[in-house]
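Here's a quick tour of a protein model, written for someone just getting used to reading structures. Take a look at the picture first, then work through the points below.

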Amino acid sequence: MFEDQSAAMSLEEVMAEGVFSPTERAIPSIPFSTSAHWVKVELTCEQPRQVTFDLDYPLIDEVNWFHVRDGKPLKEVSGGKNRQSGESLASARGFHLELS
């Protein structure tokens, strides 16, 4: 995880800085703040499959999902109560993203 207190860093800046620290919690707790909180998840799949991420908190102002493979961004999906998204990931329960 990484807290960007400026809330201004881009994906490229965060990736170049190597700023992520591991968390020991299975379900991390991110406090209310004006910071941008980045969470990095690394997946290794031996066989192709669909992976689903759910963020069950619909009151988040902004959420951006980045699918990165081999250091290159493949897909970005944005949502949140303060954003309109071209590809909707919001539901009544929270945010849902499918990766394949």
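Where does valine 41 lie? You'll find valine 41 in the loop that runs between β2 (36-38) and β3 (51-55). Keep in mind that this is a predicted model.

- Valine 41 counts as partly exposed because its relative accessible area is 49%, and the partly exposed class sits between under 20% (buried) and over 50% (exposed).

**An aromatic pair**

- There is one aromatic pair in the structure.
- The partners are tryptophan 38 and phenylalanine 66, and their rings are stacked, with 5.8 Å from centre to centre and 10 degrees between the planes.
- This pair ties together distant parts of the chain, since tryptophan 38 belongs to strand β2 and phenylalanine 66 to strand β4 (residues 63-69), 28 residues apart.
- Tryptophan 38 is buried because its relative accessibility is 14%, which falls under the 20% cut-off.
- Phenylalanine 66, on the other hand, is partly exposed, with a relative accessible area of 30%.

- Strands β4 and β5 run antiparallel, and seven bridges join them.
- Is glycine 71 buried or partly exposed? Glycine 71 counts as partly exposed, because its relative accessibility is 48%.
- Glycine 71 and methionine 15 are 56 residues apart in sequence, yet their C-alpha atoms are 8.0 Å apart in space.

**Aspartate 4 in strand β1**

- Aspartate 4 is part of strand β1, which covers residues 2-4.
- Aspartate 4 is buried, because its relative accessible area is 3%.
- What does the side chain of aspartate 4 reach? The side chain of aspartate 4 reaches the backbone nitrogen of alanine 8, at 3.0 Å.

Notes. Residues numbered from 1 in each chain as written. Predicted model: local features only at pLDDT ≥ 70, side-chain atom pairs only at ≥ 80, totals over all residues. Heavy atoms only, no water. Helix = DSSP H or I, 4+ residues; strand = E, 2+ residues; numbered from the N terminus. Buried < 20%, exposed > 50% of the residue type's maximum accessible area, 1.4 Å probe, protein only. Phe/Tyr/Trp six-rings, centres within 6.5 Å; stacked < 30°, edge-to-face > 60°. Pairing = 2+ DSSP bridges. Polar contact = N/O pair within 3.5 Å; in protein donor to acceptor, adjacent residues only side chain to side chain.
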